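Please prepare a briefing on the structure shown here, grouped by topic and written for a reader who will follow it alongside the model.

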Amino acid sequence: MNTGATEEERKIFHFLKSQGCCLRCCFRFIGCRTAEYYCKPYEFAVQLNYANEGDFTEKTPCIACLGVLQDKAQENVVTKIVEKVKEKDYDCKTFTCALIIPVSVKLREHILYAYMSKEIDMHDYVLNTFKMKLQNVKDSWKSFIIPQLEQATGKRADLSTPSPFLIEIFLAYADDELIFSGLMNEHKETNYKQRKRKCNNNKFSRKNVDNLLIETTDEQLMQHIKISQITPKTFVHVDDILCSHSSLFIGGRYNKFSRKLSQTPWLINGEKKVETSVQDLLCNPIAEIVKAESIKFLSSGREDVDVRNIYNGRPFAVELLNPHMTDITTEILAHLTESINQSTKQVQITSSLKILTRFDLKKLKEGENVKTKFYRALCVCRNASENLSQLEHLNKLKNVKIIQKTPVRVLHRRPLSPRTRIIYEMRARWVKPHELKLLHTTVESNDSFFVLDVKTQAGTYVKEFVHGDFGRTKPSLCDFLNAEVDIIALDVTSINLNWP
């Protein structure tokens, strides 16, 4: 803004001043975007001959902003924000501010413009140009509050790219709805009935005010509302201050060595079916370190309770919601890995933990559809003949397409639909005599045990591929071997995904 004021700017400034606008709002209405003007409004108002020294005491609330931009109303806001930030104890070095102001501020601006066009000798085109240049209340507020917050909190405001640490300040004005109730009630009552579901029956919502301003002329506004009616008696007050931090993601790979451990908490009717879970053992220690409010466990697929995951491990990530500690070093991650691995033998982290980006998570999600998986299954042929030559035949099969209907065991939680999957290759061998002694199961004299290593497309139900699931998987090992086959134990031996 130039240091020399135009005649039009001077007219607008003095009109607003006479109606009870604060200095900062007067600068807003003439299109000022210079931060210094909002930091030192008195100094620049005098310098531009808009006011004389002592003219503005601003002991009463501004008719336009209700005190949002007035020092008297804002003198305790910075203190309250700093107290809240210190109370929540976030370690982020930057912050972003979001200001939520009373709904009526926009309506008040339009009413002032309506009376301005009526009482000031100014061409409509010129006034409309000033309307287009109106400085937003929130931007004006940040001009003089942000520097104070930076100094008081020791954090830097991130104005170019939003900081992951957000401070939301909710300012409220008690008399808003009462002052404008008549105007809102008369504005297309039938439309409100149609919109009430979206607006929660609140006629004085931001959306309804926007609709009113679109559909109401200046003349109609002035018929319903006089400037004297919107003169505020009290200042805005701080209704609430919320602090939050965007999610932090940490990931790696894990082994699961227990056959009595669910991947996520297993609850039925509010009761735990197993004492703990992979999620609890891996994620709770991480969440505790970063002081997260809650977590979301993400993994590349999942294993059943009775299935182990061995060798290179399953890729996983944990989303830490609203973490307070985010300055995570490699030393902290290494300590976390060691601590988790020492705390339990059921689950072990097999790779270094890593801070992840959302791109990494996308790779984890996409990998569910394109990755291949390796399994090792201990199988048994019931009532088998002495010589099963078909077992050798399995080793020659490549890229076998199978069709699987949703297994009986998961029908209660997944839709019934057939899916085509590929068995890329298999390797089968008979269990050796000394290995039979390690089996904690009843062995019939005519049972034959074999080990099957299989490479499959992601999403294949391997248990059902072995036993056929009452004919719901076609073909199955039962079909290939022409015998009754069941599965004793299953391990995931590899998940082919470049992670983390």
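Across which strands does helix 6 lie, and at about what angle does it run to strand 4? In this predicted model, helix 6 (residues 77–88) lies across strand 3 and strand 4, and its direction makes an angle of about 35° with that of strand 4.

**The open sheet and its helices**

- Four strands make up an open sheet with mixed pairing, and their order is 2-1-3-4.
- Strand 2 (156–157) and strand 4 (237–245) are the edge strands, each having a single partner strand, so one side of each is left without a neighbour in the sheet.
- Strand 1 (residues 94–100) and strand 3 (residues 165–172) run parallel and are joined by five bridges, and within this pair Leu-99 is found opposite Ile-169 of strand 3.
- Helix 9 (residues 137–153) lies across strand 1, strand 2 and strand 3, and it runs at about 140° to strand 1.

**The largest pocket**

- The largest pocket has a volume of about 600 Å³, and of the 27 residues that line it, Arg-302, Lys-373, Arg-414, Gly-459 and Tyr-461 are the closest to its centre.
- At least two lining residues come from each of strand 9 (307–321), helix 16 (358–370), strand 12 (372–382), strand 14, helix 19 (462–467) and strand 17 (484–496).
- Helix 19 makes the greatest contribution to the lining of the largest pocket, supplying three residues.
- By residue class, the lining of the largest pocket consists of 14 charged, eight nonpolar and five polar residues.

**Cis peptide bonds and positive phi values**

- Most residues other than glycine have a negative phi, and most peptide bonds are trans, which is the background for the items that follow.
- The peptide bond between Lys-474 and Pro-475 is cis, with omega at about -15°, and Pro-475 is placed in the loop between strand 16 (473–474) and helix 20 (477–481).
- A cis peptide bond also leads from Trp-499 to Pro-500, with omega near -5°, and Pro-500 is located in the segment after strand 17.
- Asp-469, although not a glycine, has a positive phi of about 55°, and its place is in the loop between helix 19 and strand 16.
- Phe-470 is likewise not a glycine and has a positive phi of about 55°, and this residue too is found in the loop between helix 19 and strand 16.
- Are Asp-469 and Phe-470 buried or exposed? Asp-469 counts as buried because its relative accessibility is 4%, under the 20% cut-off, whereas Phe-470 counts as exposed because its relative accessibility is 78%, over the 50% cut-off.

Key:
Residues numbered from 1 in each chain as written. Predicted model: local features only at pLDDT ≥ 70, side-chain atom pairs only at ≥ 80, totals over all residues. Heavy atoms only, no water. 1 Å grid on protein atoms, 1.4 Å probe; cavity = no way out; pocket = protein on both sides within 12 Å on 5 of 7 lines; lining within 4 Å. Points joined across faces, edges and corners; volume = space filled by probe spheres on them. Nonpolar A, V, L, I, M, F, W, Y, C, P; charged D, E, K, R; others polar. Pairing = 2+ DSSP bridges. Contact = heavy atoms within 4.5 Å. Axes fitted to C-alpha atoms, helices over the stretch in contact; angles between N-to-C directions. Buried < 20%, exposed > 50% of the residue type's maximum accessible area, 1.4 Å probe, protein only.
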